[in-house]
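This report goes through a structure from its confidence scores to its contacts. The sequence and coordinates are shown first.

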Amino acid sequence: MRPREQAAAWAFLTPGVVIILLFGVAPVVWSAVLSLQRNNLFSPNTPFVGLANYRQMIHDPVIAQAIGHTLVYTALFVPGTMIVGLFLAVAMNRKIRFISVYRTAAYATMAISTISEALVFIWLFDPSYGIVNYLFHVAGIPQQQFLSSPSEALYVIVIMTIWGWTGFAVVVYLAALQGIPQVLTEAAAIDGASRWTVFRRITLPLLSPASLFLMVWLTINALQLFDEVYFSTAGGPLNSTTVLVYYLYEQAFGGANFNFGYASAIAYFLFLIIMVVTVIQFRVGRRLVHYRS
Amino acid sequence: MAASSAPAAPAAQAVALRSGRRWRLPFSPWHLVLIPATIVLIFPFAWLLITSVETPAEALHFPPILIPHQLDFGNYPQALQAAPFGRFFLNSAVVAVVTVLCNLLFCAMAGYAFARYRFLGSGLLFALIMTTLMVPFQVTMIPQYLITKWLGIHVVGAFGLNHIGALIVPNAATAFGIFFLRQFFRTLPIEYEEAARVDGASRLKVLWRIVLPLSAPALSTLAALTFIDSWNNFLWPLIAINQTSEMTVPLGLANFQGAHSTQWTLLMAGNVMSLIPMIIIFFAAQRYFIRSVAATGLAGT
C-alpha cells in the first residue's frame, strides 16, 4: 500500500483505536499487574506480593459465599428468564386482538433502568407495607421479610431481575419465532401431529440458536450482577446477597478500602469463571443446536 | 416488527376435525394467558404511578389503597426540591447523545479502515481490539478509574473524575461498534466506492457520501444499543461521580433513595420522573430499539 494510503488508514483508525487501547487494552494488563501487588490507595508504595492476593481468596470465607450466591442466582435467573420469555413469545406470536398491547407491556420492561426496577420492587416487597405481603395475607400465607430475610433476599432479586429482562427475552424469541417458515409447522399438523408435538419437535429445535444466544448472554450478565444488589440489599442481610461483583466493588471502592490489589485478583477470577462457563455453553450448545441451511 | 401469522391455526383445525365440531370460545383462548401475564408485567409500573400520587398515610394504609381518593401531585414538586432530577436528566441526555455520536463517528472510521485497508499490522491490531470484547468491565474498572483520575488532573479537567466527561470518554468508541460496522461495511458492494475513487473523491468523501448513507440500518442499530447502554449504566458512574450536580439519572435516583429511604410517596414520584424520559424515548423509537435487540439476538444465532 502506498504511504499516502497508509497515512489515511491510520488517520481513520486513530481516535477509536486510541480510546480502546487506553480504556480497553491497557487496563487489562494493568489490572493483572495490580492483582500481583499489595495496593491500596493510601499506601505510598505498592510492593509485588506474587500470588498472595489469589491465595488470600482461598482463605476468604466471604469469597466462597459470594461464589455460591453468584452461582445460585445464575442457575435460577437464566432458566427462569428463558422460560418466561419463551412462554410469552409463543403466546404473543399470533394475530389476535390487542396483541400489540400485550407485546408493548413486555417491551416496556426494557425501558426501565436497573435502579428504577429495584426501587419499585423494594416497595412491592416491603415487609410492613408492601403489596406482596398484603396478597399473602389475603391468601392466608404468613407474612414474609423478603429483602430483610437472609433466606429470601436472593430470591427476591431473582424475581425482580427476571421481570426486568422479560422484554429482552421476548423480543429475541419473537424474532426467532417469526423466522420459522410456516410450511414446516403446517406440514406437521397436516400429518396429524398434535400442537404439543409440533412445538416440541419442530418449533423448539428451530429456536435452539436463539436459546443458545439467550443462555450465553443472560449467563454473562447474571455472573456480573451488581446494580440490584448494591441498591436493594447492599449484599445483606448477613452477606446473604453478596455476589462476586458486589464483593469486588466493596473491596475496591466500598468504605475506604481501596483494596485495588485484592479486588483485581477477584476480577480476574470472575473473568476466568465467565470464560469457562461460556466455553462450556458453546461446546455443549454446538451439539444440541440445530442450525438451518 | 412484522405482525406474525398464527402458525398454530392449521394445527387447531386439524385437532378440531379429528375430535368433531367442538365448543369454542368466542375469543382466542390465548387471551386467558396473556391478560394475567400482562397484568403481572404492568403492575409494578402501575403501582409505582399510584403510590406517587398518594399521601404518605394512604401509601402506608392497610389494606393497600388501589385507587387513591384524590390525586395528590404534591410529591412531585417535593421530590424536585429534594433532588435536582432535571439536572440528572440533562446529564444523562448529554452523556448518552454525545456517547452515541462519538461511537457512530469513531467506530465508522475505524470499522471502515479495517474493512477496506490492508496495511502492516492491521490484522494483529484488529485481533487485539476483538479480544477486549470478551473482557468483563470489572477487570478494566479499577485501571479505568486510575486513568480517568490521571486524565482529569494532568490532561483535561472535564474528562476527569466527578465530571460527566468521565462518563463519555471511556465509552466514546467500543470494540463491539468497530466490529459491528466493519462486518456491515464488508457486505457493501465495493464497486460504488471504486467508481467514486476513480472520479477523484477522497477516502473521507467516499466514507461520508457513499458508505455511511448505505449503512443507515447498521448505524441506527448501533445508536440504539449504545443509547440504552449509556442511559442505564450504573456501576461506572457510581465509581466516577460523587458530586450531585454531575450525576446521571440512575445514580441520582440511587442517591435520592439513600437520603429518603422510607418516604415511599416521595421516592416513587422521583422514580416516575426518572422513568418518564426513557419511556417516551423508548416508545417514540420503539421500532429501532426492538429491531436492534432482535438483530443482536439473530446475529448471535
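## Interface between the chains

Two residues are taken to be in contact if their C-beta atoms, placed from the backbone, lie within 7 Å. In this predicted model, the contact between the chains draws 88 residues from chain A and 83 residues from chain B. On the side of chain B that touches chain A, the most is given by helix H2 (residues 30-52) of chain B, which supplies 13 residues. Sorted by class, the residues on that side of chain B comprise 63 nonpolar, 18 polar and 2 charged.

## Confidence

For the model, the scores are ipTM 0.91 and pTM 0.90. Chain A has an average pLDDT of 91, with 98% of its residues scoring at least 70, while chain B averages 87, with 91% of its residues scoring at least 70. Within chain A, confidence is highest in helix H3 (residues 61-92) of chain A, at a mean of 96, and lowest in helix H8 (residues 182-190) of chain A, at 88.

Where pLDDT is low, the predicted coordinates should not be read in detail.

## Nonpolar core

The largest nonpolar core holds 168 residues, and those with the most contacts inside it are Val171(A), Val172(A), Tyr173(A) and Ala110(B). Helix H7 (residues 153-178) of chain A gives the most to this core, with 19 residues. Residues up to four places away in sequence being left out, Val172(A) touches Ala210(A), Phe213(A) and Leu214(A) as well as Val293(B), Ala294(B) and Gly297(B).

## Surroundings of Leu154(A)

Leu154(A) is also part of helix H7 of chain A. It counts as buried because 21 C-beta neighbours lie inside 10 Å, the cut-off being 20 or more. Apart from neighbours within four places in sequence, Leu154(A) is in contact with His69(A), Val72(A), Tyr73(A), Ser240(A) and Thr241(A). The C-alpha atoms of Leu154(A) and Ala234(A) are separated by 12 Å, although the two residues are 80 residues apart along the chain.

## A helix pair in chain B

Helix H10 (residues 191-198) of chain B packs with helix H11 (residues 203-214) of chain B at an angle of about 145°, their axes being 10 Å apart, and the crossing of H10(B) past H11(B) is right-handed. H10(B) contributes Tyr192(B), Glu193(B), Ala196(B) and Arg197(B) to the contact, and H11(B) contributes Val206(B), Ile210(B) and Val211(B). By class, this contact has 5 nonpolar, no polar and 2 charged residues.

Key
Residues are numbered from 1 along each chain as its sequence is written. Chains are lettered from A and ligands numbered from 1 in the order in which they are written. This is a predicted model: local features need pLDDT of at least 70, side-chain atom pairs count only at pLDDT 80 or more; totals for chains, interfaces and linings use all residues. pLDDT is the predictor's confidence in each residue, from 0 to 100. Helices (H or I, at least four residues) and strands (E, at least two) are DSSP runs, numbered from the N terminus. Ala, Val, Leu, Ile, Met, Phe, Trp, Tyr, Cys and Pro count as nonpolar, Asp, Glu, Lys and Arg as charged, and the others, Gly among them, as polar. Axes are lines fitted to C-alpha atoms, for helices over the stretch in contact, and angles run from 0 to 180 degrees between N-to-C directions. A crossing is left-handed if the near helix is turned anticlockwise from the far one by less than a right angle, and right-handed if clockwise. A nonpolar core is a set of buried Ala, Val, Leu, Ile, Met, Phe, Trp, Tyr and Cys residues joined through C-beta atoms within 7 Å. A residue is buried if 20 or more other C-beta atoms lie within 10 Å of its own, exposed if 12 or fewer, and partly exposed in between; C-beta atoms are placed from the backbone.
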